[in-house]
Amino acid sequence: MGKETGFLEIERQERSYDPPEERLKHYKEFTRPHDAEKLKLQAARCMNCGIPFCHTGCPVNNIIPDWNHLVYEDDWRNALDVLHSTNNFPEFTGRICPAPCEAACTLNITDQPVTIKSIECAIVDRGWQEGWITPVKPRRATGRRVAVIGSGPAGLACAQQLARAGHSAVVFEKNDRIGGLLRYGIPDFKMEKHLINRRAVQMESEGVTFKTSREVGVDVSFRSLQDNFDAVVLSGGAEQARRLEIPGSELPGVRLAMEFLTQQNKRNAGDDEVRAAPRGSLTATGKHVIVIGGGDTGSDCVGTSNRQGAASVTQLEIMPQPPVKEDKLLTWPDWPLKMRTSSSHEEGAARDWAVLAKRVLAEDGQVAALECVRAEWQDGTMREVEGSAFTLKADLILLAMGFTGSLRTGMLDQSGVRLNERGSVAANVQDYRTSEGNVFACGDMRRGQSLVVWAIREGRQCAASVDEALMGTTDLPR
């Protein structure tokens with residue numbers, strides 16, 4: 001694939017960023033993509049490795065060596081077709097996926113994996129620029145109707161695949177705009193929202209209907225969907241946020257990360273403060289901010305806080321600091337645990353590991369500080385380090401500690417579907433059926449908090465299962 005000796009002759013070169021002092025002035029994307037010639041060279045590094053572990057590293061099983069070779073051959077149109085054959089929305093994954101495919105790349109054994117994510121993003125961006133991406137109309141209409149609840153990546157992928165199979169797919173979204181976590185959880189500086197809007201236009205042309213501001217279980221009863229549709233797909237998110245159960249956590253300055261991120265995304269979309277922040281404005285401007293949680297959501301809070309003009313930002317993680325470099329013999333081609341520094345961290349933030357929050361301190365009813373203690377881990381068990389207590393100044397504490405499953409009230413209560421021990425909807429990956437007849441589940445609502453690329457995979461596979469259940473057979477890829 002590519003140039004047979006390319007991986008020996010050409011160095012890995014990742015996309016660059018605008019400098020922090022420039023990108024902190026706005027909320028737009030700041031990645032500087034390669035030009036076509038540089039991408040051709042990067043694609044040439046894809047070696048004829050025999051067993052492309054990148055296939056299994058990628059949750060949607062992207063046929064990566066094939067489209068790398070097509071880019072090297074300057075055949076971008078066919079590269080786009082190969083890319084779309086496994087991934088409905090590569091412009092999403094090409095921006096926000098952590099790229100487990102690159103971790104699985106054979107060249108990652110020497111820490112020089114192919115720049116798969118950059119090439120993927122360039123292919124689909126080129127496709128939009130050239131006008132190659134157009135609606136894919138079904139060959140026939142089946143007359144079957146499917147309700148898809150939730151318009152995140154799983155729901156969008158499922159609805160698009162169902163429409164292409166000829167079914168009438170109707171997507172119900174409780175928010176005022178479609179996109180779910182993509183719309184209101186991912187900051188615009190990582191992925192601008194016009195990318196979602198143009199996919200929505202394509203999907204509407206393919207026959208998908210979107211019903212926004214329609215919360216199933218509140219505005220629409222679940223029973224009415226069962227009565228009026230041939231199948232129902234549960235594709236909402238894992239929105240039950242993990243709370244901080246310590247003294248003082250009830251103070252008004254202790255807030256959930258998703259509330260903070262959603263408000264700013266709504267402001268960026270042009271909403272006034274009443275619509276963006278119905279419970280009151282939540283900003284980091286001039287404040288000492290502590291973000292509890294060391295994952296991607298916490299990193300997004302760091303980047304947003306800095307753009308809002310925080311006085312300081314500190315990110316805490318309860319787990320110990322990971323190693324700078326993984327042990328390849330133990331981890332490759334699996335996703336490794338190692339130190340990762342995001343573009344938001346590079347813009348300015350203090351980071352600390354193995355820290356346990358103990359108490360929120362207040363002055364005049366407002367958050368003033370966070371009392372912490374050092375944690376020590378041994379054989380997976382944590383204990384507090386005696387005499388290690390310390391206090392951090394804080395005006396705003398953002399909780400980015402992950403999610404414990406889907407919201408139980410409303411839709412799930414009405415649906416009667418069985419939940420598993422993790423609080424997610426119980427359904428397997430063979431047919432995605434729930435405990436209720438002709439009710440299916442996919443994405444975070446089924447598997448719990450996960451990656452966008454996993455949501456797309458599950459949405460596609462769920463659509464194939466629904467199609468087979470309704471028609472007796474399916475031509476949709478899994």
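Reader: Where is the place of Ser 213?
Author: Happy to start there, with the reminder that this is a predicted model. The phi of Ser 213 is near 55 degrees, a positive value in a residue other than glycine. As for its place, Ser 213 sits in the loop between E5 and helix H13 (222-228).

Reader: Which strands stand at the edges of the sheet that holds E5?
Author: This open sheet has five strands with parallel pairing, in the order E5-E4-E3-E6-E16. An edge strand has a single partner strand, so one side of it is left without a neighbour in the sheet. The edges are strand E5 (209-211) and strand E16 (439-441).

Reader: Thanks! Which residue in E4 does Ala 147 stand opposite?
Author: Strand E3 (residues 145-149) and strand E4 (residues 168-172) run parallel and are joined by five bridges. Opposite Ala 147, the residue in E4 is Val 170.

Reader: At what angle to E3 does helix H10 run?
Author: Helix H10 (residues 153-164) lies across E3, E4, E5 and strand E6 (231-234). Its direction relative to E3 is about 170 degrees.

Reader: And what angle does the direction of helix H21 make with that of E16?
Author: Helix H21 (residues 452-471) packs on this sheet too, where it touches E3, E6 and E16. With the direction of E16, that of H21 makes about 165 degrees.

Reader: Let's turn to the sheet with E7. What is the order of its strands?
Author: This is an open sheet of five strands with parallel pairing. Its edge strands are strand E7 (254-256) and strand E10 (350-353), each pairing on one side only. Neighbouring strands are turned by 20 degrees against each other on average, direction ignored. The order is E7-E15-E8-E9-E10.

Reader: Which residue in E10 is the bridge partner of Gln 315?
Author: Strand E9 (residues 312-317) pairs with E10 in the parallel sense, over four bridges. For Gln 315, the bridge partner in E10 is Arg 351.

Reader: How do the residues of the contact of H5 with H6 divide?
Author: From H5 come Asp 66, Trp 67, Leu 70 and Val 71, which meet Trp 76, Asn 78, Ala 79, Val 82 and Leu 83 in H6. These residues divide into seven nonpolar, one polar and one charged.

Reader: Which residues in H9 does H5 meet?
Author: The axes of H5 and helix H9 (residues 116-130) come within 11 Å and cross at roughly 65 degrees. H5 passes H9 in a left-handed crossing. On the H5 side are Ile 64, Trp 67, Asn 68 and Val 71, and in H9 they meet Ile 116, Ile 119, Glu 120 and Ile 123.

Reader: What is the relation of H3 to H5?
Author: The axes of helix H3 (residues 36-44) and H5 come within 8 Å and cross at roughly 135 degrees. That angle makes H3, relative to H5, oblique.

Reader: Last one: what is the radius of gyration of the chain?
Author: The secondary structure of the chain comes to 21 helices and 16 strands. The globule rule gives 23 Å for 478 residues, and the chain is close to that, so it is as compact as a globular protein of that length. Its radius of gyration is 23 Å.

Methods. Residues numbered from 1 in each chain as written. Predicted model: local features only at pLDDT ≥ 70, side-chain atom pairs only at ≥ 80, totals over all residues. Heavy atoms only, no water. Contact = heavy atoms within 4.5 Å. Helix = DSSP H or I, 4+ residues; strand = E, 2+ residues; numbered from the N terminus. Nonpolar A, V, L, I, M, F, W, Y, C, P; charged D, E, K, R; others polar. Pairing = 2+ DSSP bridges. Axes fitted to C-alpha atoms, helices over the stretch in contact; angles between N-to-C directions. Rg over C-alpha atoms; globule rule 2.2 N^0.38 Å. Left-handed = near helix turned anticlockwise from the far one by under 90°. Parallel < 35°, antiparallel > 145°, perpendicular 65-115°, else oblique.
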